[in-house]
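This report walks through packing and contacts in one chain. Look at the helices first, then at the aromatic rings and the loops.

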Amino acid sequence: PFAEDYCPYFGQIWPAGVALAEYIIEKDEVAGKTVLELGAGLAIPSFVATRLKAKVLSTDFHQDVPQFLAMNQALNHSSFAFKSLNWRQECEDIGRFDFVIGSDILYESKHPQEVAQGLLRFLAPGGRIILSDPGRAYIQKFVTAMNELGLSEVLHPRTVEHWGEKADLFLFEFKRR
């Protein structure tokens with residue numbers, strides 16, 4: 001792992017997480033479906049999907065996430081499964097999901113290919129991958145990697161209010177061709 005991997009970035013609500021949560025609410029398609037959130041941090045999209053009656057597995061590998069997530073679930077009277085998981089490495093089979101979601105997970109140069117391969121590992125047949133991104137430098141490499149793996153994308157540009165300022169984001173929905 002990188003030293004930066006253990007910084008407490010998970011403990012902040014990021015615009016990309018807000019955009020993803022808002023999109024899930026607007027689409028309202030997750031009821032009765034399985035949802036996997038990768039790199040969840042505070043897991044705002046997981047909370048939203050749970051409230052919309054999805055079966056959610058929230059994941060992150062930062063050592064402090066489980067403790068803070070448990071407190072946040074208690075405060076919000078919400079419950080969903082959590083698993084410590086680093087999707088950048090080979091990992092156990094945790095199943096396939098109707099929706100694989102993530103927000104702002106393309107923050108390192110080698111992430112695009114790793115993320116693309118990791119996401120497909122968890123995608124159920126007919127499933128969709130939904131990712132929000134603030135426009136990191138590697139986003140086009142990631143989209144290209146997804147295309148090379150047989151997925152097509154639809155871009156849903158988003159603008160969210162965050163700490164009194166507007167943030168423009170990319171929200172991609174991928175599915176197999």
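A crossing of two helices is right-handed if the near helix is turned clockwise from the far one by less than a right angle, and left-handed if anticlockwise. Keep that in mind for the helix pair below. The model is predicted.

## Helix 1 against helix 2

Two packed helices are described by the angle between their axes and the distance between the axes. Helix 1 covers residues 15-27 and helix 2 covers residues 44-51. Their axes come within 8 Å. The crossing angle is roughly 15°. Angles under 35 degrees count as roughly parallel, so helix 1 is roughly parallel to helix 2. Helix 1 passes helix 2 in a right-handed crossing.

Which residues make the contact? Helix 1 supplies Gly17, Leu20, Ala21, Ile24 and Ile25. Helix 2 supplies Ile44, Pro45, Val48 and Ala49.

Helix 2 is largely enclosed by the rest of the structure, because six of its eight residues are buried. The buried residues in helix 2 are Pro45, Ser46, Phe47, Val48, Ala49 and Thr50. Their cover includes helix 1, strand 1 (34-37), strand 2, helix 3 (65-75) and strand 4 (97-103).

## Buried positions in strands and a helix

Two of the covering strands deserve a look at residue level. Ser58 lies in strand 2, residues 55-60. Its relative accessible area is 0%, so Ser58 is buried. The side chains of Ser58 and Ser46 are joined by a polar contact of 3.5 Å. Ser46 is itself one of the buried residues of helix 2. Beyond four places in sequence, Ser58 touches Glu37, Ala40, Ala43, Ser46, Leu69, Phe80, Ala81, Phe82 and Lys83.

Ile101 sits in strand 4. The relative accessible area of Ile101 is 1%, so this residue is buried. Setting aside neighbours within four places in sequence, Ile101 is in contact with Leu20, Ile24, Val35, Leu36, Glu37, Leu38, Pro45, Ile130 and Leu131. Among these partners, Leu20, Ile24 and Pro45 also take part in the contact of helix 1 with helix 2. Ile101 and Gln140 are 39 residues apart along the chain, and their C-alpha atoms are separated by 18 Å.

Gly118 belongs to helix 4, residues 111-122. At 1% relative accessibility, Gly118 counts as buried. Gly118 and Val100 are 18 residues apart in sequence. From C-alpha to C-alpha, the two are 10 Å apart in space.

## Aromatic rings

A pair of aromatic rings is described by the distance of the centres and the angle of the planes. How many aromatic pairs does the structure hold? There are four. Two of them are tabulated here.

| Pair | Centre to centre | Angle between planes | Arrangement |
|---|---|---|---|
| Phe142 and Phe174 | 5.5 Å | 85° | edge-to-face |
| Phe172 and Phe174 | 5.7 Å | 25° | stacked |

Planes over 60 degrees apart count as edge-to-face, and planes under 30 as stacked. The pair of Phe142 and Phe174 links distant parts of the chain. Phe142 is in helix 5 (residues 139-148), and Phe174 is in strand 8 (residues 165-176). The two are 32 residues apart.

Phe174 is at 0% relative accessibility and counts as buried. Phe172 is buried, and so is Phe174. Phe142, Phe170, Phe172 and Phe174 form one aromatic cluster.

Lys53 follows helix 2. This lysine lies in the loop between helix 2 and strand 2. The phi of Lys53 is near 75°, a positive value in a residue other than glycine. Exposed means over 50% relative accessible area. At 64% relative accessibility, Lys53 therefore counts as exposed.

His77 has a phi near 50°, again positive in a residue other than glycine. The loop that holds His77 runs between helix 3 and strand 3 (81-84). With a relative accessible area of 75%, His77 is exposed.

Notes
Residues numbered from 1 in each chain as written. Predicted model: local features only at pLDDT ≥ 70, side-chain atom pairs only at ≥ 80, totals over all residues. Heavy atoms only, no water. Phe/Tyr/Trp six-rings, centres within 6.5 Å; stacked < 30°, edge-to-face > 60°. Helix = DSSP H or I, 4+ residues; strand = E, 2+ residues; numbered from the N terminus. Buried < 20%, exposed > 50% of the residue type's maximum accessible area, 1.4 Å probe, protein only. Polar contact = N/O pair within 3.5 Å; in protein donor to acceptor, adjacent residues only side chain to side chain. Contact = heavy atoms within 4.5 Å. Axes fitted to C-alpha atoms, helices over the stretch in contact; angles between N-to-C directions. Parallel < 35°, antiparallel > 145°, perpendicular 65-115°, else oblique.
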